[in-house]
Amino acid sequence: MDSKKQTPVKYYVGIDVGSASVRAALVDGFGTVVAHADQPIQIWEPQPDHYEQSSADIWAACCSVTKKVVCGVDASQIRGVGFDATCSLVVVDKQFQPLAVNCEGQNYRNVIMWMDHRAVSQVEHINATQHRVLSYVGGVMSVEMQPPKLLWLKENLQESCWEKAGYFFDLPDFLSWKATGVTARSLCTVVCKWTYTSDGGWDDSFWKMIGLEDLVKDKYEKIGNHVLSPGESVGKGLTPEAAKDLGLPEGIAVAASLIDAHAGGLGVIGADVKGHNLPCENQPITARVAMICGTSSCHMGVSETPIFVPGVWGPYFSAMVPGLWLNEGGQSATGKLIDHVVQGHVAFPELQSKAAASAHSIYTYLNSHLDLIKKSLPVGFLTVDLHVWPDFHGNRSPLTDLTLKGMVVGLTLSRGLDELALIYLATIQAIALGTRHILETMQAAGHHINTLFLCGGLSKNPLFVQMHADITGKPVVLSKEVESVLVGAAILGACASGDFVSIQEAMAKMGKIGRVVQPNHQHKRFYDKKYEVFLKLVEHQREYRSIMNSF
């Protein structure tokens, strides 16, 4: 007992701002989530493809959830706080007051969300320049990145927004500013979403070429000229005002932040795997890919030297793990696609009532139903003549083609629960085949990947996990803590506090692995054939488009 008194438990707060809610967790030095709270935040959709939020609403939610998780805890044991958030664009005036990003002049709506696609013509203009900075985003900039959104504001809201703006923040950096009063930016945000490079900084010629030369004139004051590595301590820690708002001690360490998916990667990719007989044991972290699977999915791979992968974002230096280059693949709709396919099926009401009667979720019930109908076959073989191409919301990686559509081959007139279960299975397989497509593209460019680390909502679905193992042929490691993103944010706070020498040390101590799912290698030939069909589907779609374009 004496030893316990000498070493009181140290806690770190992780705060995660997702698309629809803010979550906070109190995490100890072993990566255990001790307390957890969440609160919804508002989204406005004033017109199609325009998605807006309020930075005041987001900060209020951060304060509310943080107070809940630290309630009753000795303040002296809380050592640091880390933030992660979606890569949304926050606009404030020269006095740091919210500035409208909309034609209605509603100043409280001062955030353009990451998924906002208003800047399509602007991103086409930027990509047409073929500027050298585009080589760091897989060759083509996404409409979800910040330069096209900034250009949209200048072209559409010049007087009401552009000329009055004092600062443009990525949301993770806005949160660290709110907490510390320091306008430093995270290397993660400016490198991944703004075209900054760790060795060269901002490229004046890019901003001048796309028509945003005004940002260069004030030495990038508006978008950031003080950049910190994720996990570095910002300023003098929590300001008195922020400490009061959050219910935390004044002056505790605040870390330079991360984008939410990158925090998820940080929470799982560095975990100690000794004793699990995994191919990545005793190998560098570069043998691993972290997959963050929710509404959409991100595939995070790191390397010691820069690897340029066609159609995959990066390489970004020190954007997730300090000292390593990051490549980021992604699928725009995964959890959202599964929901769309299942809920749109004529047998969905029957599924709902049967799942409710058995007190199971609809996906647990579907997984059980597949086990019933498979007979002596492995469950995955049920789709021998049913194939899905999953790009219902375009392709982010590795084809970078927003115009691609979803495809289903093998439909019949049957309308029952069996058919719903089969299309659900085929959709999950298509998502896993898409992951294989991304991994093979990364490996062809020079990555050496042998193990997948999964976190996020879809990692709770055992069928989704097993299909990813079988189809990629690689073992899948699940995180012990389901809330890996929050653990990742807390790791940042732990690093900023000085309690760990490095992010890598904090990752190894606080990232804990749970279940390991091995691939069924005897099914390899079947999934190789499925993958052959998968690649044919997109080839055929492009052929059909070519035929129709010629009429």
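1. A crossing is left-handed if the near helix is turned anticlockwise from the far one by less than a right angle, and right-handed if clockwise. Here, α3 passes α4 in a right-handed crossing. Helices are DSSP runs of H or I, at least four residues, and strands are E runs of at least two, numbered from the N terminus.

2. This is a predicted model, where local features need pLDDT of at least 70, side-chain atom pairs count only at pLDDT 80 or more, and totals for chains, interfaces and linings use all residues. Residues are numbered from 1 along each chain as its sequence is written, and side-chain values use heavy atoms, with hydrogens and water left out.

3. The axes of α3 (residues 120-128) and α4 (residues 146-156) come within 8 Å. They cross at roughly 120°. Axes are lines fitted to C-alpha atoms, for helices over the stretch in contact, with angles from 0 to 180 degrees between N-to-C directions.

4. On the α3 side, Q122, V123, H125 and I126 make the contact (heavy atoms within 4.5 Å). They meet P147, P148, L151, W152, E155 and N156 of α4.

5. Helix α19 (residues 524-549) has 26 residues, which at 1.5 Å a residue should span 38 Å; its end C-alpha atoms are 38 Å apart, which agrees. The expected span is 1.5 Å times one less than the number of residues.

6. Buried means under 20% relative accessible area (1.4 Å probe, protein chains only). In α19, the buried residues include F526, Y527, K530 and Y531. Their cover includes α15 (417-445) and α16 (462-472).

7. In α15, 23 of 29 residues are buried. G446 follows α15, with a positive phi near 130°.

Conventions
Buried < 20%, exposed > 50% of the residue type's maximum accessible area, 1.4 Å probe, protein only.
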